[in-house]
Amino acid sequence: MADTQYILPNDIGVFSLDCREAFRLLSPTERIYAHHLSRAAWYGGLAVLLQTSPEAPYIYALLSRLFRAQDPDQLRQHALAEGLTQEEYQAFLVYAAGVYSNMGNYKSFGDTKFVPNLPKEKLERVILGSVAAQQHPEEVRRLWQTCGELMFSLEPRLRHLGLGKEGVTTYFSGDCTMEDAKLAQDFLDAQNLSAYNTRLFKEASQDGKPRYEVRLASVLGAEPAPESEVTSKLKSYEFQGSCFQVTRGDYAPILHKVVEHLEKAKAYAANSHQEQMLAQYVDSFTQGSIEAHKRGSRFWIQDKGPIVESYIGFIESYRDPFGSRGEFEGFVAMVNKAMSAKFARLVASAEQLLRELPWPPAFEKDKFLTPDFTSLDVLTFAGSGIPAGINIPNYDDLRQTEGFKNVSLGNVLAVAYATQREKLTFLDEDDKDLYVRWKGPSFDVQVGLHELLGHGSGKLFVQDEKGAFNFNQETVINPETGEQIQSWYRSGETWDSKFSTIASSYEECRAESVGLYLCLNPQVLDIFGFEGADAEDVVYVNWLNMVRAGLLALEFYTPEACNWRQAHMQARFVILRVLLEAGEGLVTVTPTTGSDGRPDARVRLDRSKIRSVGKPALERFLRRLQVLKSTGDVAGGRALYEGYAAVTDTPPECFLTLRDTVLLRKESRKLIVQPNTRLEGSEVQLLEYEASAAGLIRSFSERFPEDGPELEEILTQLAMADARFWRSPSEVPAGQA
C-alpha cells in the first residue's frame, strides 16, 4: 500500500453542493444565462488537466471512457468478478472522484500527487476487461499504456508539483529551471506581456543556445488573422543572449467551446455591462489577450449586485511554481440575500475600518473604491478546487484604480468547512464544543474581513511609463526606517512578477492577519450579529482556528526540498510563528501522547491575552508586511516572510517532529459533488447527484453528453503534441527531438 500521504482514503468526506432553492428563484432567462456560463466554465476547466501533469489528460480520458460505458454500479460487478475486493473497488472510485474533483492527479490543495490505493495489476485487469475496452480495445489499451505507470509512480520528483528537480509542472517544459522562469519573467516584463495566460517551453536551437517559446492561450493559432493588440507581439526576439518566440493557440479547441457558450450567454445577459463583459472575454480567449480580459473585468466590476454572478479566465497563480501563470477557473453562482445584507453593512463601514489598520494613511489607496460584496450559492465552480471566498480581479492596476469584487461562497462554506467533534484534532476537550459551535460563524467573519479589507487594502507605490509617481517622494516616510521611500514598482512590474514565488502566500498571510486583527473590533462583530459573551467566543474561536490551522499546515511542508506546497497553509503557519513569538503564554504547542498510544499534540490559546499580547504582535507584523509590499522591497519581504516560514526542529516546538504527528492524524480534504444543468427546449433542468464517490463520477459522466468522446480526443491530442517536452532524450522518438 502507498504512503497515506499519497492516497485518498475510502472514508473521505463527500458532500453535495446544494443550490436548489437559489436556482428555483431564477427567472427562465436567468436560468439560460447561468446554463451557458456554466457550460463555458466546465469546458474551460478541462484546460487545468493540461496545466497540471503530463499524464493527467490521459487519466481523465481513460476514466471518462470507462464510466461512460459502465456506470460505477455496473463496473463494480465486473471488478469483483476480476478479483477485486469491495474495499479495493471503493479505493478506485475514490481515486477517480479525486481526479475529477482536482482536475488531475495532484491535490489542488497541497499540490501532492495521489495514486490508486489498490494493486496496479488488479486495476489493469478491470480496465482491459471493461465494456469500454471491448468497444474500443486499441484506444483503451493505448491510454492505459500511456498513463498506467505514471498513475502509480511515486518517484521522488513525481510526488509534488514543482519546477525542475523539485517536482512536476506543465506550466513549463520539463527541462526548465527557476533561472529560466526568472529570465522569462524579465522578458515578459520588457515586452509588457502578462504571464497569466502563458506557458513556457524550452528547446535547444541548432547552435546549442536555448530557445524559449512563450505560448499564449487562445482560439487563434498561427493562421493569418486581422491585426490586433496581440498579433504585433507574435514574433521572435533576442533577449539577454537567448531567443524567445511568442506564439499563441494553447488549448485552442477547448477555448473554442468556451467562446461558443459565452456568445450564447450574451443573448440572455441582464444588462449592457454583462454584454460588454462577455464580448471582451470572447475577444480575450479568441486572441489570447489579457488586456481584453482586463477590459471585461472592468465591466464585471461595474455590474453591481447581479442575480447571476460569474467570473472566468486564467485567474489564480498558486500552482505555478514561479507564481505568475494563472490556472483556468470559472464559476457561476446566485445571490444569498440574507448573508449579503451583512456583507453590505461591512462594505458601508469599510472606509472607517481601513483607518484602524496599522499603517500610515499614505500606504492606503487614495480612494476606497466601494466594491460589491455578496454571499453566493455556487451552481458551478470549474477548476482544480473550490475556495470559500474570492477577491478578484487579480490585476494590480485594476484593483488600485477601478476596484474589485468580493464574494463569499455560502453553500461551499456550509459543507466544506463543517466540523465533526469526533474528527477534531489537536484541541483540548474543553475547547472542542466551543469550536464546533462557533467555527462556522467565526469563519463567516474571517472570510468577510479577509476578502474585503485584507485583499482590498493597501497601496502599491508605482512609477508609470512616463516617470510619474503615485505617491509624494518628498513627504511619504517609511515607518520602519524613518526615511523617504527608497523602492517602488516600475512600469510593467506587478506584485506577482516582483515577489514571484512568495507573492501568493505573502498576500494570503496579509489578508488572514487583517481578518484576525479587525475581528477584535466590536463594530465588526455587531455587523455580523454578535455581542457580549457570544462576540468574545467568536473572537476566541477565530484566533484558535488560525493557530490550529498553523499546526495543520505542516502537512503541506516538504522537508526534503525545504519548501511549502500550499500558499494559504504556509500563510497560517507564519501567523502561528508570529503569535508564538509574542510570548507570555499567548499560544503554546505541546507534544503529547494520544489515548491510542500514538504521538499527539495540543494547541492552546490564552483568551485573556488575545488583546493585550496578540493584538500588538499582529499589529507590528502587519505593518511590516504592508510597508514591504507597498515599496516593492523584495529582499526585505523575502527575509521577513521566509524567516517566519522556516520549519526547523528547534525547541520548544520542534516543528519537524510535529509534522510527523500532523501527518499521522491528518484528515483528507472533502470532495464536493456539483450539479449539472441541461437545456431542454427553453427550459433548464437542474440535475443533482448523491453525495458519494460514485455520485461525483456520475456528475462528470453526464457533464458532456453531446461531445464527451470528442473532448477526450482533443485532450489526448493536445497532450501528445507537447509530450516531447516532458520526456527524457532517450524517450523521444526519432524525428520529434
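**Close-up 1. Polar contacts of the N102 side chain.** A polar atom of the N102 side chain lies 2.8 Å from the backbone nitrogen of S108. A polar atom of this side chain is also found 2.8 Å from the backbone oxygen of G98. Polar contacts are pairs of N or O atoms within 3.5 Å; within protein, one atom must be able to donate a hydrogen and the other to accept it, and residues adjacent in sequence count only if both atoms are side-chain atoms. The model is predicted: local features need pLDDT of at least 70 and side-chain atom pairs count only at pLDDT 80 or more, whereas totals for chains, interfaces and linings use all residues. Residues are numbered from 1 along each chain as its sequence is written, and side-chain values use heavy atoms, with hydrogens and water left out.

Close-up 2. N102 belongs to helix α6, which spans residues 86-102; helices (H or I, at least four residues) and strands (E, at least two) are DSSP runs, numbered from the N terminus. With a relative accessible area of 9%, N102 is buried (buried is under 20% relative accessible area, exposed over 50%, partly exposed in between; 1.4 Å probe, protein chains only). Not counting residues up to four places away in sequence, N102 touches K107, S108, F114, R319 and S384, where contact means heavy atoms within 4.5 Å.

**Close-up 3. Residues annotated as "binding site".** In an unreviewed UniProt entry, the annotation "binding site" covers H450, H455 and E508. These residues are spread over 59 residues of sequence but cluster in space, the largest C-alpha distance being 8.4 Å. UniProt positions are given in the numbering used here, feature names are shortened, and annotations may be inferred rather than shown by experiment. H455 is placed in the loop between α18 (429-454) and α19 (495-518) and is buried at a relative accessible area of 10%. Its contacts, leaving aside neighbours within four places in sequence, are N391, R399, H450, E507, E508, R510 and A511.

**Close-up 4. E508 in helix α19.** E508 lies in helix α19 and counts as buried, at 5% relative accessibility. The side chains of E508 and H450 make a polar contact (3.1 Å). Beyond four places in sequence, E508 is in contact with Y318, H450, H455, H568 and A571.

Close-up 5. T588 stands opposite R604 in β14. The hairpin has 5 residues between the strands, and G597 takes a positive phi near 85 degrees.

Notes
Pairing = 2+ DSSP bridges.
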